[in-house]
Amino acid sequence: MLLPVLFAMGAALSNALATVLQRKAALTVPKSEGLRVGLILDLLRRPVWLIGIVAVITAGVCQAVALATGPITIVQPLFVLELPLALVIATAVLQGRLSRAGWAAVGSVVAGLAVVLFAASPAGNRTQVPMTHWIPALAGCVTAIAALVVAALRRPEGRGRAACFGLATAISYAMTAALMKTSMHTLDDRGVGAFFTTWQTYGFALFGVCALFFLENAMQSGPLVASQPALTLGDACVSLALGVTVYAEYVRTGWWLVPQLLGATLVAAGVLALSRLPLARALASEDEEKGTVTDANSPRPEVR
């Protein structure tokens with residue numbers, strides 16, 4: 001299991017680095033009230049933005065390799081580390097400072113994730129999945145996403161709307177990973193031609209696009225403290241469910257559920273605390289004016 005763990009952590013680190021670098025680049029380009037065609041041209045002239053794009057591509061490759069070599073029940077939960085990694089990187093790149101409470105939250109996420117994975121001890125790595133497994137999984141996820149989007153649109157802007165869109169994003173990300181896993185095994189077993197002719201390849205591309213769309217709506221609908229926990233925890237939980245039901249992966253049950261629940265509680269508490277930090281809100285709000293915001297527990301300003 002060492003290889004998928006290393007590549008999953010590499011993907012989380014690359015995604016975190018991309019978030020920080022793209023945020024840093026966004027602070028250096030002219031702002032406008034509406035859509036501006038020249039924005040991409042401005043960003044293309046920023047080396048830091050280009051490095052961020054390389055990090056995004058690296059993250060995608062690492063995730064693909066991780067899913068091709070290990071259980072989805074191990075790979076996807078490790079993406080919980082993306083938020084704490086982004087904040088740690090941002091303290092250096094954006095010249096901010098993570099307070100003691102922030103470091104405690106990072107420790108809570110890391111420790112909780114370690115407890116969950118140790119207690120669950122995921123196993124199994126099925127390479128192909130019959131349609132009898134895909135049909136109920138797709139139907140259930142699409143139905144849940146549709147219900148969450150409808151619920152979000154019926155709510156005014158705020159925490160409830162952001163949480164619904166955040167959970168819809170989480171389900172989309174989880175299904176993207178599940179479909180990508182089969183596609184990568186197809187690429188490995190039968191080559192590029194089979195990869196581009198299997199329906200799972202276009203399925204994970206479609207769910208990936210939907211995930212990005214829902215994520216943007218989640219960020220615009222309400223505070224990060226509402227959308228981030230739903231996104232982070234939802235992705236891990238739905239991926240775990242898909243790993244067990246679709247790929248027949250195994251996790252320990254019985255009394256092992258007690259430490260799993262304890263670890264999940266630590267992760268949830270840490271993610272919630274991190275999403276409340278000013279630096280986390282700054283990373284998620286690229287349309288805010290450049291300025292400074294002070295962490296209540298820190299005398300040093302954090303760059304917005």
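Reader: Is tyrosine 247 buried or exposed, and how do I read that?

Author: The general idea is relative accessible area: buried means under 20%, exposed over 50%, and partly exposed in between, with a 1.4 Å probe and protein chains only. Tyrosine 247 has a value of 1%, so it is buried. This is a predicted model, in which local features need pLDDT of at least 70 and side-chain atom pairs count only at pLDDT 80 or more, while totals for chains, interfaces and linings use all residues. Residues are numbered from 1 along each chain as its sequence is written, and side-chain values use heavy atoms, with hydrogens and water left out.

Reader: What share of the chain is made up of buried residues?

Author: Of the 304 residues in the chain, 49% are buried.

Reader: How many aromatic pairs are there in the whole structure?

Author: Rings of Phe, Tyr and Trp (its six-membered ring) pair if their centres lie within 6.5 Å; planes under 30 degrees apart count as stacked, over 60 as edge-to-face and the rest as tilted. A search of the whole structure gives six such pairs. One of them joins tryptophan 134 and tyrosine 247: the ring centres are 6.0 Å apart and the planes stand at 85°, so this pair is edge-to-face.

Reader: Where do tryptophan 134 and tyrosine 247 sit in the chain?

Author: Helices (H or I, at least four residues) and strands (E, at least two) are DSSP runs, numbered from the N terminus. The chain has 13 helices and two strands. Tryptophan 134 belongs to helix H7 (residues 131-153), and tyrosine 247 to the loop between helix H11 (224-245) and helix H12 (257-275). The two are 113 residues apart, so the pair links distant parts of the chain. Tryptophan 134 has 0% relative accessibility and therefore counts as buried.

Reader: Which residues is tryptophan 134 in contact with, leaving aside its neighbours within four places in sequence?

Author: Contact means heavy atoms within 4.5 Å. By that rule tryptophan 134 touches Val129, Met175, Ala178, Leu179, Thr182, Trp199, Gln200, Val246 and Tyr247. For the chain, take contacts between residues at least 6 apart in sequence: 79% of them join residues at least 24 apart.

Reader: Which residues of the largest nonpolar core touch the most other members?

Author: A nonpolar core is a set of buried Ala, Val, Leu, Ile, Met, Phe, Trp, Tyr and Cys residues joined through side-chain atoms within 4.5 Å. The largest one has 65 residues, and Leu87, Trp134, Met175, Leu242 and Leu274 touch the most other members. Helix H8 (residues 159-190) supplies the largest share of this core, eleven residues.

Reader: Back to rings. Which residues form an aromatic cluster with Phe118?

Author: Phe118, Trp255 and Trp256 form one aromatic cluster. Tryptophan 255 counts as exposed at 60% relative accessibility, whereas tryptophan 256 counts as buried at 19%. The ring centres of tryptophan 255 and tryptophan 256 are 4.3 Å apart and the planes are at 25°, so this pair is stacked.

Reader: What lies over the face of tryptophan 256?

Author: A charge sits over a ring if NZ of Lys or CZ of Arg is within 6 Å of the ring centre and within 35 degrees of the ring normal. Arginine 252 lies over the face of tryptophan 256, at 3.6 Å from the ring centre. Arginine 252 also lies over the face of phenylalanine 118, there at 5.8 Å from the ring centre.

Reader: How much space lies in the second largest pocket?

Author: Rolling a probe the size of a water molecule over the atoms shows where empty space is left. On a 1 Å grid over the protein atoms alone, using a 1.4 Å probe, a pocket is an open set of points with protein on both sides within 12 Å along at least five of seven lines; lining residues have an atom within 4 Å of a point. Grid points are joined across faces, edges and corners, and a volume is the space filled by probe spheres set on the points. The second largest pocket holds about 350 Å³. It is lined by 19 residues, and Val116, Ala236, Cys237, Leu240 and Ala264 are the closest to its centre. H12 gives the largest share of the lining, six residues.

Reader: Where is alanine 248, and what is its phi?

Author: Alanine 248 lies in the loop between H11 and H12. Its phi is near 55°, a positive value in a residue other than glycine. Alanine 248 is partly exposed, with a relative accessible area of 45%.
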